[in-house]
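Please look over the sequence and the structure shown below before reading on. The report that follows takes up a few local features one at a time.

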Amino acid sequence: MTKIGLEIHCQLTKLESKLFCPCKADYREFEPNTNICPVCMGIPGSLPLLNKNAVEKATLIAMALDCKTPNKIAFFRKNYFYPDLPKNFQITQLNAYGNTSIGWEGKISVENKEIKIRRIQLEEDPGRLIYEGVTEKTKLTLVDYNRAGTPLVEIVTEPDFETPHQVREFLNILSDLLENLNVSDPGLEGAMRADANVSIEGGSKVEIKNIGSFHDLEKAVHFEITRQQSLAERKIEIIQETRHWDDGRKITVSARTKEEEAEYRYHLEADIPWVRIDDNTKNQLQLHMPESISSKKERYVSKYGITSQVADILSSDRYFSELFEKANNETNAKDIANMITTDIMGLLDTREKREMSKLEGDHISDLVEYIKSNKITRASAKLALDEVIKNGKQLSEIIEDLDLGHVSDEATLSDIITEVLDEEVKAVEDAKQNPDIVNFLVGKVMQKTHGKADPELTLTLLKKNLGL
Ligand SMILES: [Zn+2]
């Protein structure tokens with residue numbers, strides 16, 4: 001049987017500062033090696049000071065994943081030498097001396113299968129190595145320590161996955177969950193990376209290291225299963241090793257044989273005292289935990305009658321569910337939800353567009369109200385949305401500026417209809433035999449009015465003109 005386990009590294013991107021020093025947790029905008037200080041550079045004599053918010057956010061993750069949580073946590077030094085690690089050790093956690101990491105024994109349900117979480121730990125991210133050209137052939141490697149010391153949560157699963165698809169689904173669910181908790185922005189480059197352990201019946205465990213895209217991870221796991229099966233068929237031993245995903249060639253390549261845990265010489269980090277997490281703190285965290293995606297979905301369906309499919313899309317996206325909550329005035333919830341999922345999600349499909357957007361909840365509720373009361377057509381509503389997103393003006397102002405108001409004045413419409421009927425002689429003939437052609441004529445009127453004609457009135461007037 002195929003067994004796959006994951007180790008996911010997730011940055012707590014919503015924090016102000018790094019895990020043990022005041023440098024910025026958001027290192028992405030800095031020039032290389034400018035977001036550093038003696039603590040994250042491991043200068044002798046400097047002392048780490050634990051970021052309390054990081055402990056709380058990590059505990060929130062543990063609770064949301066149904067983990068058991070400790071009464072006190074401890075930190076350990078994991079010793080190894082690598083250029084991206086300025087101190088030559090990483091401050092991390094290890095469940096020695098009892099369960100002293102952020103959480104353990106949790107679970108997530110994926111496609112009706114329960115994936116068990118073995119443990120969650122809080123640790124610091126190393127710096128970044130930047131290679132010139134292809135990693136294996138590079139002549140030049142640069143080191144940027146801006147990331148060193150950034151708060152990282154490691155989530156380790158049991159080897160409960162059986163297919164690459166389950167792995168992908170799990171990562172999607174986890175990423176939505178982290179975003180919903182407001183602890184991380186998984187869409188940021190490098191914010192979520194994963195290692196996968198893959199083994200087939202009778203073979204050793206192979207680890208695939210550090211993949212930043214879920215899509216690539218799914219492909220890498222798939223490739224690895226196939227590679228191992230092919231070795232087994234040819235009676236070649238599958239050795240325990242670490243492999244990298246080569247995105248260019250779409251294969252995994254051998255990197256190094258894996259260190260044994262003992263080689264890391266873990267020992268207690270004496271510079272950080274044990275930290276108590278008392279029941280009161282846990283209760284407060286639980287109390288202020290954002291509503292879960294599943295309960296949000298259930299509420300949307302049961303309270304507002306939103307379809308399960310729309311509720312699913314809306315609840316799993318933090319940005320759009322917040323927009324929905326702001327727009328929702330309890331009267332038009334269903335229409336608001338539909339407008340967000342059908343029109344707005346398409347218009348705001350990238351992080352950049354969402355950041356630039358001036359769209360507020362009120363705009364959406366107003367727009368829905370305008371459509372319902374026939375002040376604007378759906379086609380014009382789309383134009384108005386485009387404009388609101390750009391400039392955030394009041395809806396009434398935009399409708400006036402762009403002249404998007406409904407043409408429901410009978411005299412004006414009749415003139416336009418006469419024009420259309422004169423132009424479409426053939427269609428007029430056909431319409432008398434085939435009622436579908438009438439819709440074609442409605443479309444022509446819409447074209448002439450730039451989508452502003454009242455559709456019902458247009459139809460009535462057209463039929464009258466055609467003697468239908
Ligand atoms: Zn620092």
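## The zinc site

What spacing do the donors of the zinc ion follow along the chain? In this predicted model, the spacing of the donors is C-x1-C-x13-C-x2-C. C23 lies in the loop between β1 (3-11) and α1 (52-64), and C37 is in the loop between β1 and α1 as well, so the pair ties together parts that are 14 residues apart in sequence.

The protein donors are the SG atoms of C21, C23, C37 and C40, which lie 2.3 to 2.4 Å from the zinc ion. Because the four donor atoms subtend angles of 103 to 113° around the ion, the arrangement is tetrahedral. Of these residues, C23 and C37 are buried.

## A sheet of three strands

An open sheet is built from three strands in the order β4-β3-β14, and the pairing is antiparallel. Since β4 (89-92) and β14 (267-268) stand at the edges and each has a single partner strand, one side of each is left without a neighbour in the sheet.

Strand β3, which spans residues 76-79, runs antiparallel to β4 and is joined to it by four bridges. Within this pairing, F76 stands opposite T92 of β4.

## The buried side of helix α6

Helix α6 comprises residues 308-315, and V310, A311, L314 and S315 are buried in it. These residues cover an arc of only 120° around the axis, which puts them on the same side of α6. The helices against which the buried residues of α6 pack are α5 (293-304), α7 (318-327) and α8 (333-347).

Methods
Residues are numbered from 1 along each chain as its sequence is written. This is a predicted model: local features need pLDDT of at least 70, side-chain atom pairs count only at pLDDT 80 or more; totals for chains, interfaces and linings use all residues. Side-chain values use heavy atoms; hydrogens and water are left out. Two strands pair if DSSP finds at least two bridges between them. Helices (H or I, at least four residues) and strands (E, at least two) are DSSP runs, numbered from the N terminus. Donors are N, O and S atoms within 2.8 Å of the metal (3.2 Å for Na, K and Ca); water is not among the atoms, so sites may look incomplete. Four donors count as tetrahedral if all angles lie between 85 and 135 degrees; four count as square planar and six as octahedral if opposite donors are over 155 degrees apart and all others between 65 and 115; anything else is irregular. Buried means under 20% relative accessible area, exposed over 50%, partly exposed in between (1.4 Å probe, protein chains only). The arc is that of the directions from the helix axis to the C-beta atoms. Contact means heavy atoms within 4.5 Å.
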